[in-house]
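I opened this structure and kept notes as I went.

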Amino acid sequence: MTATAAAATTAPSGPDPEVERILAFVRKAVTEVRPACSQTLPSVSLTLGGIIQATEMAAEKVLDEAEVLGAHRQRLHDALTRLAPELMGASAPAKQALIDAARVVEAMAASITSVVAAMEFQDLTAQHLRATIAAVGTMRHRLGEVLALVGINVDAEVAPVKIAEKLGAPAAVAPWRQDIADQLFEDMKDTR
Amino acid sequence: MSAKILIVEDSRSMRRIVRSALESEGYQVAESEDGRQALNALRDVAPHLIITDINMPEVDGISLVREIRRLPSFRFTPVLILTTESGDDMKENGRAAGATGWIVKPFDPDQLRQVVAHVLKARGVA
């Protein structure tokens with residue numbers, strides 16, 4: 001072996017470019033994942049939970065109104081039933097008007113039933129959203145474990161959820177909108 | 001005497017929808033929010049038929065059916081599962097637990113009423 005060859009095999013080698021590339025990728029990935037784990041995913045869960053609440057309230061309101069409408073329809077039906085004998089000797093147009101009114105009352109019953117049945121969407125939507133919230137929670141937990149491997153404790157560094165941009169979103173309606181407004185105050189404390 | 005039906009469902013809006021579909025047919029309807037509450041209510045309500053969801057807090061629908069089948073007074077009370085679950089495995093679990101029938105949400109109120117009438121007739125309840 002020549003002296004030159006011996007020096008080449010014993011001299012410390014420089015950093016492996018491939019390892020350096022992978023480390024740079026991991027550092028970048030951790031930098032990006034950390035805020036997602038500490039802020040974005042909790043924010044997603046909060047928002048989806050709020051949507052569930054909002055749709056529940058909307059469905060309840062529709063069902064309340066459908067019940068009121070049903071009671072009105074019943075009163076109208078009863079009134080027409082009482083009126084019918086009084087119109088026995090009435091003119092043909094008056095009798096026809098009574099028949100038309102009775103038909104409309106029956107049609108209202110079918111429409112009310114359809115409206116009530118359509119509110120089933122709320123339960124279906126809520127179940128899908130709850131499954132999504134659970135999946136997001138699991139994902140955050142796993143990400144937290146991965147970050148813990150590289151010495152980052154996500155739970156200890158959780159920042160207040162930044163959700164100001166959601167205030168203008170169509171889904172941000174009462175009453176959970178107030179929760180968001182309160183949370184916004186909390187967020188702003190950090191920037192004062 | 002109209003038949004008494006117990007609805008077991010954690011969603012309030014869904015309970016109201018099922019109640020509306022059944023009361024329009026003249027059935028008496030009672031409600032429970034989950035399986036545990038339903039088990040506690042069984043003796044008071046003494047339903048002719050039970051309609052239950054599967055995914056509920058506390059005691060889920062499949063466990064509820066198993067518990068009901070252990071109670072001598074309700075061993076033969078029909079139990080219909082009303083759920084978003086439609087997988088064959090889940091249906092088999094329900095059947096094995098002792099469920100009478102399986103209706104997948106979203107449900108058609110007319111279909112529900114037909115199934116209820118059929119099951120009650122088979123049990124000799126008008």
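Predicted model: local features only at pLDDT ≥ 70, side-chain atom pairs only at ≥ 80, totals over all residues.

Strands here are DSSP E runs of at least two residues, helices are H or I runs of at least four, and both are numbered from the N terminus. I count two strands as paired if DSSP finds at least two bridges between them. β3(B) and β4(B) pair in the parallel sense over three bridges. In this pairing I also found Ile50(B) opposite Val79(B).

Residues are numbered from 1 along each chain as its sequence is written, and chains are lettered from A and ligands numbered from 1 in the order in which they are written.

**The sheet of chain B**

β1(B) and β2(B) run parallel and share five bridges. Lys4(B) stands opposite Gln28(B) in β2(B). β1(B) and β3(B) are joined by four bridges and run parallel. There, Ile7(B) faces Ile51(B) across the pairing, standing opposite it in β3(B). Four bridges also join β4 (residues 79–83) of chain B to β5(B), again parallel. Ile81(B) stands opposite Trp102(B) in β5(B).

**Burial in the strands**

I checked burial strand by strand. A residue is buried if 20 or more other C-beta atoms lie within 10 Å of its own, exposed if 12 or fewer, and partly exposed in between, with C-beta atoms placed from the backbone. β1(B) is largely enclosed by the rest of the structure, because four of its five residues are buried. β4(B) is mostly covered, with five of its five residues buried.

Which way do the residues of β4(B) point? Val79(B), Ile81(B) and Thr83(B) point one way, Leu80(B) and Leu82(B) the other, and all are buried. In β3(B), Leu49(B) and Ile51(B) point one way and Ile50(B) and Thr52(B) the other, and all are buried. In a regular strand the side chains alternate between the two faces of the sheet.

**Helices and core**

I looked at what covers the sheet.

A nonpolar core is a set of buried Ala, Val, Leu, Ile, Met, Phe, Trp, Tyr and Cys residues joined through C-beta atoms within 7 Å. The largest one has 37 residues, and Ile5(B) and Ile51(B) touch the most other members. Helix α1 (residues 12–23) of chain B gives the largest share, five residues.

I listed contacts (C-beta atoms, placed from the backbone, within 7 Å). Beyond its neighbours within four places in sequence, Ile5(B) is in contact with residues including Leu22(B), Tyr27(B), Ile51(B) and Val116(B).

**Chain A**

I turned to Ile112(A), in helix α3 of chain A. It counts as buried because it has 20 C-beta neighbours inside 10 Å. Leaving aside neighbours within four places in sequence, Ile112(A) is in contact with Ala66(A), Leu69(A), Gly70(A) and Arg73(A). The C-alpha atoms of Ile112(A) and Arg73(A) are separated by 9.4 Å, 39 residues apart along the chain.

Last, I checked the meeting of the chains. The contact takes 14 residues from chain A and 12 residues from chain B. α4(A) gives the most to the side of chain A that touches chain B, six residues.

Definitions and conventions:
Contact = placed C-beta atoms within 7 Å.
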